[in-house]
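User: I am new to this structure and would be grateful for a close look at one helix and its surroundings.

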Amino acid sequence: MNSDHNEDKFQYMDREEFRREQEHLSDVYVQLQEKKAAAKKRIEELSAQVADEKKVMRDDYTINFATDDDTIETWGELEVMNHNIDRANIEADAAGDKIRKLNKLLETPYFARVRLQFSPEEEPEDYDIGIAGMEKDGYDQLIIDWRSPIAETYYNQDNGKTFYTVNGNRVDVDLLLRRQFDLHEDQLNSYFDTTLAIQDPMLLQSLAKRRNDRMQAITVTIQKEQNELIRYSDVPVLLVNGIAGSGKTSVLLQRIAYLFYQKRQSLDPQNVYLLTLNPVFGKYISNVLPEMGERNPVTLTWADFLDMVEVPGKHDPGYETTRETLEKIDALLPSFQLEKEDFNTVWQGDMKVLTPEQIARTIAQYPDIPTSVRLIQVTVDALIDKAKFVLKTKEDNIRENEGAGLPDLSKEDRLESARTQSKFGGAYQMIEKCGWLNIERIGTRLLSKDRLTSVEWYYLKMALTGECERSAQYVMIDEVQDYTLAQLMVLERYFTNARFMLLGDEFQAIHEGRVKFSEIHDFFDAKKKRVTELPLMTSYRSSPEITELFTSLLPKERSVLTSSVQRPGVVPVIEAADSREAYTEKLRAAVTAAKKENGLTAIVCAGRPSIDRVTSLLGEDAPKVLRVDEALPKEGAFIIDLGLVKGLEFDGVIIPDADEKNYPDTELSRHRLYTAESRATQRLTILAEGELTPLVPANT
């Protein structure tokens, strides 16, 4: 660091205080290094212990089954040795986890400190806050985790009287100091004593960074309104209604990390589901939780969900399916009469085990049970018994005939094959998974239509079989405004015991027929699941100039509540060309300039025809067109469909097709243009061939 920079730095920091802070950081860093060395040494000791135990078992231990007493003693000794090995492996795994946490802390030991006074009679206490916690001596904390209760005083941003909550109990304290640090490893660059979010130097520094192909965690810069959502108490349904750029997705990921911390003993990432709109976005956020030392939850698109629950065929999104159609399934099903054509043959390899006629006769034995989950469950039990009889007869025949006609397999191989298929697949699996039900035929008869959508198909299967995922504890749905109410009905029924967190912005609904937030309230209220709706109205993404432009597309009563915390930037460029030649020249100039800029620039096209037109006009100079299954490039310019940009942000955005054809003066077009404009953080260029859409003002 040069001397001029040092002099500038000390214009707003006390030299002596900086020296003390550097000494403290150096001391903490040494302690972290010592803890890492101790953990590595312990792993080596445990590895040697396990190796010794295994060597004894292999070389020195004699297995003695001569008598009953010898057998009992042998198994007891083996159990003790296996227990010792298991215990050592568990301890080694814990030490490995500790090393991974220490590696993160050694990059940035802490990012903030609070000084709290619990009572006037006591000395104030300092707490360093990091992305993970680390104990000092087995009791006191060297660094506290950002998700710990005490860290709440930092994110509350209230100097003076404040509080934090532990197990539902409020603890009142005096916040005497709220300090932020810019540091790397054991080197302190600067510190700031801050109060309000609008004065937050670390936030502004973070916002000024150029964007790349991965979302960054906001742990250091979480703001007060975001913190309230992250730490909000468990409720059946939490609905976050935030404007573009308010950090909805970041808040979602930080809340997942917070829940993992708070419920460390009871919450497994495999029981948390995160639904995203497309694979591009899934790749964009995939690094955030691992960087915080947490595993990713089960992350799915809607198509992935349909694959997971084994909806057959090519999946349509089912957008045309309405709430009324699914409610009709529930209403009509109890009185619906199943017939033999509604059933599929049950197979074991190439052998028929049960025919549709046999299944129909079985189900007819329960005339007093309406068509329901109970009817299907009792039928499954009866069909399992029938299949066992058939398969047992087959096995007996194999034993008797010594495999006549099957020269390539031994008798034992054929018997084992029969047992394996019976236990792990074949007939039993088909029966238990209700593959004998012809869902498509039942549904088309029930609803009097030619074919079922994927939504209708799976909702009907759940209504018939009771299929669901009871172990799911949380379901997080990002960009919920782009789902239909029918899709949410499927998810609510499948994840029957889960708490839901839904995030979205009604004004980013870019397709017809999607769910309205009022419908979300009505639906979950009818299910006796209370919806708590919380707003996020501050944009942390875009410059004030860009924010003013895209919020002008919102209803006035909403736009007046929005604000931006970014520093003033560049005024958006809005241009119309009166000829194809002039338009092409402006488009080429904008793309050429974008390629020279730092960071990412997205050319956001209204649809496939617009993409084809832009690439044709640019010819060999056209940037890459991003496909739905690809990750974002790390830098440079690229072309992307409007439907793929939800949740993403870029340093620059070019909207090349802002004419009245692509963006007519309709509510849906307002949503689409609002979505496209709000992806830009620093630079926004809007172009049109011919007249501009009436939704944007012409440059003055």
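In helix 12 (residues 356–363), the residues Pro-356, Ile-359, Ala-360, Thr-362 and Ile-363 are buried, where buried means under 20% relative accessible area, exposed over 50% and partly exposed in between (1.4 Å probe, protein chains only). These residues lie on the same side of helix 12 because they cover an arc of only 160 degrees around the axis, the arc being that of the directions from the helix axis to the C-beta atoms. An α-helix has 3.6 residues a turn, so residues three or four places apart point the same way.

This is a predicted model, in which local features need pLDDT of at least 70, side-chain atom pairs count only at pLDDT 80 or more, and totals for chains, interfaces and linings use all residues. Residues are numbered from 1 along each chain as its sequence is written, and side-chain values use heavy atoms, with hydrogens and water left out. Helices (H or I, at least four residues) and strands (E, at least two) are DSSP runs, numbered from the N terminus.

The loop between helix 12 and helix 13 (373–401) contains Pro-367. Pro-367 is exposed, its relative accessible area being 67%. From C-alpha to C-alpha, Pro-367 and Gln-337 are 9.8 Å apart in space, while 30 residues separate them in sequence.

Elsewhere in the model, six strands form an open sheet in the order 10-9-13-14-8-15, with parallel pairing; two strands pair if DSSP finds at least two bridges between them. The edge strands, strand 10 (298–300) and strand 15 (531–536), each pair on one side only.
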